Amino acid sequence: MQLNVNGQNHQIDADPEMPLLWALRDLLNIKGPKFGCGVAACGACTVLLDGMPVRSCSLPVADAAGEITTIEGIALDGTLHRVQRAWIEHNVPQCGYCQSGQILAAVALLEETPQPTDQDIDFAMTNLCRCGTYPRIKAAIKTAAGMES
Amino acid sequence: MARKKRSIVGKIVRRTFLGLGAAAVGGVAFGVWAVRRDPENPLVADQGESVFNPYIKISQDGTITVITPRAEMGQGIQTTLAAMVAEELDVAPSDLTIAHGPPAAAYYNSAMLEEGAFPPHFDRSFAAEAQRGLMGSMGKILGLQATGGSSSTIDGFNKMREAGATARAALKSAAAARWGVNADTLQTANGTVTNPVSDQSLTYGELAMDAATAEVGEPELRPRSDWKILGRSQPRAEIAEKVTGAPIYGIDVELPDMLYGTVAISPRFGAQPLSADIDAARNVRGVIDVVEVNTQTGNGYGIIADNTWAAFEGARALNAEWGPATYPANDNAITGALTAAIQGEANHALMDKGDIDAGLADPQGTLVEAEYSVPYLAHATMEPMNATAQLADGHLTIWAGTQAPGIVQSRCAAFAGVEKENTTVNTVMLGGGFGRRGEVDFPLYATALAMHTAGRPIKVTWTREEDTQHDVYRPAALGRFRAVVPANGPATTVEMKIASPSIMASVVGRTYPDLPMGGPDKSITDGAYNQPVMVENHRVSAHLADLAIPVGFWRSVGNSYNGFFHEGFMDEMAAASGLDPLTFRLAMMGNDERLAPARACLEKVAQMSNYAAPRPTGKGRGIAHVLSFGSWVAMVVEVDTTDDIHIEKVWIAADPGTVLDPRNFRDQLMSGAIFGFSQAMGQQINFEDGRVVQENFWDYPMMTMGQAPQFEIEILQNAETMGGAGEIGTPPAAPALAAAIFDATGQRLRHMPFTREVSFQQV
């Protein structure tokens with residue numbers, strides 16, 4: 001089986017039912033996507049598949065045809081993505097465990113809706129954060145969008 | 001020593017040590033010498049570096065390593081502890097290399113144990129301070145390295161600054177010797193010692209080797225007015241890693257030749273497996289072995305595989321049957337045990353003043369009665385429990401995100417039959433802790449599996465379902481309250497009976513089994529008996545419920561429910577008095593000067609939120625104040641109830657005495673409040689047939705982005721002593737929310753979660 005992750009092709013030998021998350025983490029040692037729930041409820045495992053946010057814990061690796069982008073793949077030539085920079089500016093993370101998924105969900109939101117309203121953010125950002133960093137995530141998304149926050 | 005004085009101290013000692021439980025044995029046996037003796041420095045200098053003290057090493061290449069021996073679980077403690085060193089060492093915080101360091105007695109936590117003293121925080125009498133001092137010294141004697149009780153900043157405040165000041169003095173002394181001048185004439189800045197007269201300078205790296213042997217005196221700490229780093233918001237030290245998905249958590253550990261595993265432990269606590277389809281599990285692609293796991297924290301199976309998902313599938317294929325529960329096995333039976341406890345004799349009353357019976361027998365005012373309850377709760381850290389272990393050549397190595405590395409070391413070593421000296425614990429980042437990661441079960445299971453892998457390392461990851469159903473839960477609790485409230489005045493009689501199982505007994509029995517337990521467990525009534533109120537007849541009693549379900553420390557511990565009990569009942573008393581909730585609270589404080597920070601916080605938050613202003617239809621505002629972990633926190637919650645309830649805005653005024661990092665302090669308040677709202681809105685752990693009903697986030701919900709309110713926060717610094725930050729936002733959240741809903745709808749919520757009776761907006 002072949003996976004295209006962050007612009008690189010990888011040959012893997014896996015049970016086709018294995019969730020993409022575990023293929024990334026355990027077979028390819030790409031640790032950015034995190035395991036939180038295994039049932040697509042929390043979004044810690046979010047990756048982009050052809051630009052769309054997907055919950056990799058519930059996507060069989062056999063169905064992961066397309067270009068996969070993980071948190072490791074959004075910085076370009078050593079420059080952090082504007083969403084990552086906004087995350088730093090607002091000191092968003094606490095424990096940080098959900099933030100790979102949060103950042104990728106935000107990247108996808110801004111691709112789709114460059115100037116999101118509060119409601120757009122509420123609807124798109126369904127990733128869970130146990131530390132309660134939501135207010136700062138919202139502010140950072142607006143900063144990344146070039147909006148006042 | 002005069003006989004009389006001795007007997008007073010002796011009484012305090014006995015009471016204190018028994019109350020602590022964990023420290024009970026050692027207490028009387030250790031003398032003053034043990035308190036004065038400093039534990040051994042665990043750091044060993046590598047080639048080309050110098051160790052200055054247990055917290056600082058400097059190498060010739062200029063690398064300055066600071067050991068921040070408290071677990072970084074999101075509270076920002078590494079940043080703040082490093083800032084303390086930076087302040088005194090004259091180095092930019094960003095130039096420090098920060099590490100958790102090894103487990104060691106040198107990293108004992110005194111402040112956490114001081115918090116266990118019984119007197120209310122505002123009681124600074126000689127006896128109260130003596131009790132705190134004794135408790136704190138137990139932390140040192142036991143060498144207890146733990147992160148909890150919102151104590152890390154308080155505990156580190158002097159230790160870390162002294163470490164920085166001592167190192168700086170040594171570096172100056174080394175430079176002075178090289179240049180043949182008096183050290184007092186030298187200056188330090190940006191990791192460099194300078195002689196302003198000759199304009200010579202040397203970097204700390206260049207001086208490191210000489211400085212290690214320099215003799216320095218007692219360091220003098222800089223006054224607050226000279227601070228350049230402390231008191232100012234710092235960027236989170238590990239923020240770059242956390243926005244780039246760097247492999248920093250326990251679950252990210254990857255080692256050569258590593259295996260992957262999981263566990264299936266009996267969901268009936270303490271029960272043994274009756275049957276399991278071992279062959280089916282072994283036949284799952286990728287599963288290498290299935291082994292039995294028998295530990296003090298649980299019995300069941302370990303699955304060893306070549307990837308984590310295969311291990312999960314193997315565990316599922318086991319289809320195991322488990323033995324029966326030995327405790328009340330469902331919610332009704334649990335409620336029955338709590339009811340029986342509250343109807344029985346009190347086990348202790350840490351507040352017992354005046355004459356309750358007389359006050360209630362002839363009430364001069366309205367008699368107010370209410371019953372409150374809360375369910376069991378899980379921690380639900382985002383990162384499920386996991387640890388990695390390797391047992392090779394008689395050496396055990398553990399990688400774990402742990403709040404208690406010393407306990408992990410001793411317990412895992414004993415389990416594996418390895419000497420503690422041959423056991424290494426690597427503390428990695430924690431994807432949330434909240435008290436859960438002070439337990440030993442997850443590293444213990446990793447150790448158990450590592451005993452079957454012929455020397456290969458194995459990472460053992462729990463499924464979310466395993467995590468939810470094998471927690472050490474915040475206990476269920478039941479409260480029955482009575483008060484006598486005259487019209488337009490404060491209550492003259494308040495009785496609070498609170499029934500709950502003992503967290504201390506559960507933790508000590510499970511995690512510190514060698515230490516006996518005895519005496520009052522403060523956590524049962526913590527947040528109820530020690531609040532800023534002055535009542536003529538006042539009794540807050542604890543009623544121990546016999547429930548052998550494992551319980552543990554959950555963000556703000558007893559305060560997580562007693563804040564709700566105390567402040568919820570406060571509002572009911574206010575209604576009986578005819579005063580509004582704010583005025584009534586102020587009246588309940590009397591004129592006691594020690595309670596000034598509470599008054600200031602309440603008045604500030606009322607002003608910020610325009611609390612007294614009329615509410616539009618459907619909207620409500622609720623107020624609460626809880627003093628916990630030495631910090632005073634007042635909160636106003638505003639809800640819109642025109643449709644399903646939405647929490648729109650939250651105002652907080654908090655006083656922790658001294659704030660070292662204002663932005664992080666605010667972030668912690670928001671975090672704690674959201675944790676408290678999650679609890680209040682929809683979280684509960686139920687029991688059926690001796691096992692936890694809930695499985696995952698879909699049936700154990702937390703607050704979402706769309707539900708999260710806006711926050712406005714003011715920090716006050718009136719209090720004389722430094723308080724905590726990590727847990728203090730949680731206790732007032734539930735009662736302020738309940739009060740806001742009552743304000744809008746007239747419906748009084750006395751039982752968590754509130755979704756039992758009302759609906760909250762879903763996005």
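The model is predicted, and local features were accordingly considered at pLDDT of at least 70 and side-chain atom pairs only at pLDDT 80 or more, while totals for chains, interfaces and linings use all residues. Residues are numbered from 1 along each chain as its sequence is written, and chains are lettered from A and ligands numbered from 1 in the order in which they are written.

The contact between the two chains, with residues counted as touching if their C-beta atoms, placed from the backbone, lie within 7 Å, draws 48 residues from chain B and 47 residues from chain A. On the side of chain B that touches chain A, two or more residues each come from α9 (239-243), α11 (308-318), α21 (662-682) and β27 (710-715) of chain B, where helices (H or I, at least four residues) and strands (E, at least two) are DSSP runs numbered from the N terminus. The greatest contribution to this side is that of α21(B), with 6 residues. By residue class, this side of chain B comprises 24 nonpolar, 15 polar and 9 charged residues (Ala, Val, Leu, Ile, Met, Phe, Trp, Tyr, Cys and Pro count as nonpolar, Asp, Glu, Lys and Arg as charged, and the others, Gly among them, as polar).

Within chain A, the axes of helix α3 (residues 99-112) and helix α5 (residues 134-144) come within 11 Å and cross at roughly 40°, axes being lines fitted to C-alpha atoms, for helices over the stretch in contact, and angles running from 0 to 180 degrees between N-to-C directions. α3(A) and α5(A) are therefore oblique to each other (angles under 35 degrees count as roughly parallel, over 145 as roughly antiparallel, 65 to 115 as roughly perpendicular and the rest as oblique). In this contact, Gln102(A), Ala106(A), Leu109(A) and Leu110(A) of α3(A) meet Ile137(A), Ile141(A) and Ala144(A) of α5(A), and the residues involved divide into 6 nonpolar, 1 polar and no charged.

In chain B, 4 strands form an open sheet of mixed pairing in the order β1-β2-β3-β4, pairing being assigned if DSSP finds at least two bridges between two strands. β1 (49-53) and β4 (96-99) of chain B are the edge strands, and the twist from one strand to the next averages 25°. Strand β3 (residues 64-67) of chain B runs parallel to β4(B) and is joined to it by 4 bridges, with Thr65(B) opposite Thr97(B) in β4(B). Helix α4 (residues 77-89) of chain B lies across β2 (56-59), β3 and β4 of that chain, at about 135° to β4(B), whereas helix α8 (residues 204-211) of chain B lies across β1, β2 and β3, at about 115° to β2(B).
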